[in-house]
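Hi,

Here is the structure I promised to pass along.

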Amino acid sequence: MKNLLSVILALVMLMPFSALTQLSVLADTVSTGEQQNPFYAGREIETGSLEEYTVSASATRIYGGETYYSDGKQLYTMLSDALQKRRSEVTLYYLSPSRIITTIGLVDLGDHLFDGACDDALSTNSVDGDYVRWSMSSWNAKLYQTNYNDYYYYKIILNYSYYDTADEENAVKEAVKSFINSLDTYSMSDYEIIKRVHDYICSKTTYNYNASSNIYLYSYSYSAYGALIKGSAVCQGYSLAFYRICKELGFNCRIITSTYYYDGYETGHAWNLVCINDRYYYVDCTWDDELIDTGKSERGYDFFLVDYDGITASDKSTEHLPDEQYYDGEYYNTKYRNKIDSESYDSTNEKLLSNCVITPIARRFTYTGGEICPPIKVTTLSGKLLSTNEVGAWYWSNVNLGTATVCAYGKGEYSNSYSSRYFTITPAKMGNMWFKSGSRGDTYLTVEWNAMGGGISGYYIEEYKDNEWKWVKTAGANETSAKLTSLKPARAHYFRIRAYKSTDEGN
């Protein structure tokens, strides 16, 4: 039975409470020096209704030249960014009105910060949230603290270990990109796209039955790298790969876990919950792949887009009984559980837009400064082209540069069905640009250029040094000259200028 999820351990170290002194003390936790990942252990972490659930901004105070952050979005985002980059050491400056006076207090703080960094409510991409939560294997911490004006200022040095490395994550990124580029999503339905993701993972991966006996030797099997690159994974790797690709394609997804007893031993399992047609369904690539690998390929979709009865149909214990946080947390209940369909997905239903092909008239449009709302073509399973009386469209993020969304919604007999596609807004041409030198001295040079149109954000001035172009100055959109200083006299200097536009995805 493919049901093993790794036991995740953490060694926690506590510093005493005099400023900038340190002494290591073993934590008094589950066992000496060890702490289970609380998410794995079933600890509830999500609270509040979806309408009211927002992560507030961190309060900040400056002390000793450093900015300290209270609980909140900025603090959690800093840690999340470091985890996504697989940083082994992360230093946080934490502000709190409360004093940490026990080792358990430090354990709780480390868990609390990790939970905040992996909070689904803060998820904005395919490698944060559940993905980074289940990519971390263990952690340890050192803490320094001082008190000033009724606040405690904590310097926390966190050390993390992962199931994969930054280089391995880059390999996963390239594999996912290659797979997605192989899909023509404008000629596929949502159902067909998600099915291709399922099939891709099952074809790339074989279950690693040896991983449970040597988690350190086979740590890659607990990652998407194991599933997509090494071709060897356990359920954790399968579910991470499915999560990663689905979110890259725009389908909201979660990783669901369970804890149960098998042959007298506590173990666990991981699978997915994915959104299609604004409803959620379970997918277990691990168990489907087992059926395929054992010669039962006709049953290779037994656990694909199914309801709760479908996902638990073959359970011998409680393999697919979700852990406590999946039915006790208000946030999860509101955003996910209330939208889990009571029936498995019907891929033959002609009236569901998620079974239709949604095609915008083009994939790329030039920035105009106004809303871009391309018409869409919607074709059903039987080839019928739907009219505007049967389908409408909503648009968002469709003004600025970057990725825009069009959501088709059904009318009449197609009501309560939805499907989204994406298109790109690219910069308009900014015209010809000239760049020349102005006044100069022994150690400075003034450079000048003509103003560009097209709603640019500014200019980058770069110098060619050490065989590459390096940034030296940023100028505003309304500037047409800049003074470059600290130049070496009697030496040639080479400069260039680039106009840029800022988008929500960078420059």
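Let me start with aspartate 302, which counts as partly exposed because its relative accessibility is 29%. Keep in mind that this is a predicted model. Aspartate 302 pairs up with arginine 299 in a salt bridge, with 2.7 Å between the closest N and O atoms. Arginine 299 is partly exposed too, at a relative accessible area of 32%.

Another one joins arginine 363 and aspartate 184, at 2.6 Å from N to O. Arginine 363 sits in the loop between β12 (357–360) and β13 (364–366), and aspartate 184 in the loop between α5 (166–181) and α6 (190–204), so this contact ties together parts 179 residues apart in sequence. Arginine 363 is partly exposed at 44%, and so is aspartate 184 at 33%.

Then there's arginine 496 with glutamate 462, again a salt bridge, closest N and O atoms 2.6 Å apart. Here strand β23 (residues 495–500) supplies the arginine and strand β20 (residues 458–465) the glutamate, 34 residues apart. Glutamate 462 is buried, at a relative accessible area of 7%, whereas arginine 496 is partly exposed at 32%. There is also a network: Arg86, Asp164, Glu169, Arg244 and Glu248 are joined by salt bridges that share partners.

And the cysteines? There are zero disulfides in the structure. For cysteine 253, the nearest cysteine sulfur belongs to cysteine 246, 4.8 Å away. Cysteine 253 is buried at 0% relative accessibility, while cysteine 373 is partly exposed at 39%.

Cheers

Terms used
Residues are numbered from 1 along each chain as its sequence is written. This is a predicted model: local features need pLDDT of at least 70, side-chain atom pairs count only at pLDDT 80 or more; totals for chains, interfaces and linings use all residues. Side-chain values use heavy atoms; hydrogens and water are left out. A disulfide is a pair of cysteine sulfur atoms within 2.5 Å. Buried means under 20% relative accessible area, exposed over 50%, partly exposed in between (1.4 Å probe, protein chains only). A salt bridge is a side-chain nitrogen of Lys or Arg within 4 Å of a carboxyl oxygen of Asp or Glu. Helices (H or I, at least four residues) and strands (E, at least two) are DSSP runs, numbered from the N terminus.
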